[in-house]
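I opened this notebook to keep track of what I looked up in one structure. The entries follow the order in which I went through it.

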Amino acid sequence: MRTSITQAPFGQLTDGTPITQFTLTNAHGLLARIIDFGGIVTELHAPDREGRLADIVLGFDSLAPYQGDSPYFGALIGRYGNRIARGRFTLDGREYILSTNDGNNHLHGGAPGFDRRKWDATVDGDSLRLAYTSPDGEQGYPGRLDATVVYRLTDDNELVVRFHAVCDRATPVNLTQHSYFNLAGQGSILEHLLAIEADAFVAIDAESIPTGALAPVAGTPFDFRIPRPIGACIGADDVQLRNGQGYDHCFALARPQGAGMMRAARVVEPASGRVLELYTEEPGVQFYSGNFLDGSLRGKGHTYGHRSGFCLEPQHFPDSPNQPQFPGVILRPGQEYATESRFRMSVAR
């Protein structure tokens, strides 16, 4: 049996626009639920070593909180995932000024970004295709961008996320997926064992803007080359941890020359045995340890306390339009933006 897709209403936007939730179920009973508002993954159910399913992503029961104070739970992010310093960049000799929604800086495409937009949804066999057209000037970005994202839940227990975009003027593009995971289904994520395939990370200042340096992980709290608990060093006296108020950093993946899809990270929850692996074609992955969750949000029967979820966001590096030494993010007319990431679920025996 290949993956089946069903759909049901998921409320209405304030202007009356109906929102639909799509349920993807594979041959093993795993299921993902995704809405066409923000392309948000509202649920992702995976088994433990006893075969018991639990929802391993943070989210809400209804549409309204996703339109309110949601910290990008489960959402698609664009045009530019992560931060752009001072909301400004220069492209082909012209300065562009973006909206600022993170202090002095531009974060995750502005407010609203792609996470707060209604996407056009189409079911194509075992895939859910979402499309959004970002008009010229949206949040200050140049040119029209036609973006599509395809979600697919495979019988290998992978949630596949494939991005594609084209433009009519040169523009920065850095799309990502922003789910918060808790492989236990609830509680703290500090005992989760994390490994990241990275020898360096993007150093940041007190505003979480890159300094321009790639800092070696060796001998620091950022060394996840060998699995260790997320909480093992999170309280260390380290300037980078202070700047991020925990882990909120882009790791530069140790990508072999010419490599395409690679495993970027692996997380194990010891009690349940659930395993999450991220495979991606991107050069980096932002690891965020839920530092700003404070118990004020509640959904699906849970209160989301401090560090009750973590994010692994496959992406290019933050502030790349202002950092020429970083991998390029400028998409030009006639080019295609295409990248794929896979979130693979399994069980450690």
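**Entry: salt bridges**

I began with R116 and D115, whose side chains meet in a salt bridge at 3.2 Å, N to O. I take a salt bridge to be a side-chain nitrogen of Lys or Arg within 4 Å of a carboxyl oxygen of Asp or Glu. The model is predicted, so local features need pLDDT of at least 70 and side-chain atom pairs count only at pLDDT 80 or more, while totals for chains, interfaces and linings use all residues. Residues are numbered from 1 along each chain as its sequence is written, and side-chain values use heavy atoms, with hydrogens and water left out.

I then looked up burial, where buried means under 20% relative accessible area, exposed over 50%, and partly exposed in between (1.4 Å probe, protein chains only). D115 is buried at 4%, and R116 is partly exposed at 25%.

Next I noted D136 and R169, which form a salt bridge at 3.3 Å, N to O. D136 sits in the loop between strand 12 (127–134) and strand 13 (145–153), and R169 in the loop between strand 14 (158–167) and strand 15 (171–172), so the pair ties together parts that are 33 residues apart in sequence. Helices (H or I, at least four residues) and strands (E, at least two) are DSSP runs, numbered from the N terminus. Both ends are partly exposed, D136 at 47% and R169 at 31%.

For D223 and R225 I found the closest N and O atoms 2.8 Å apart, again a salt bridge. D223 is buried at 17%, whereas R225 is partly exposed at 40%. I also recorded a network of salt bridges that links E158, R162, E340, R342 and R344. The search of the whole structure gave 22 salt bridges.

**Entry: nonpolar cores**

Which residues have the most contacts inside the largest nonpolar core? I found Y151, I196, F251, F287, F310 and M345, in a core of 61 residues. Such a core is a set of buried Ala, Val, Leu, Ile, Met, Phe, Trp, Tyr and Cys residues joined through side-chain atoms within 4.5 Å. Apart from this core lies another, of 21 residues, with F10, L58, Y72 and Y180 among them.

I listed the contacts (heavy atoms within 4.5 Å) of F310. Leaving out residues up to four places away in sequence, F310 touches residues including Y180, I189, H192, F287 and Y288.

Y72 lies in the loop between helix 1 (64–67) and strand 6. Y72 has a positive phi of about 70° although it is not a glycine, and at 18% relative accessibility it is buried.

I checked strand 18 (residues 198–204) and strand 19 (residues 210–216), which run antiparallel and are joined by four bridges. Strands pair if DSSP finds at least two bridges between them. F201 stands opposite A215 in strand 19. The two strands form a hairpin with five residues between them, and S208 in the turn has a positive phi of about 65°. S208 is buried, at 10% relative accessibility.

**Entry: cis peptide bonds**

I noted a cis peptide bond from G78 to R79, with omega near -5°. R79 lies in the loop between strand 6 (75–77) and strand 7 (83–84). The bond from A111 to P112 is also cis, with omega near 0°, and P112 is in the loop between strand 10 (106–107) and strand 11 (120–124).
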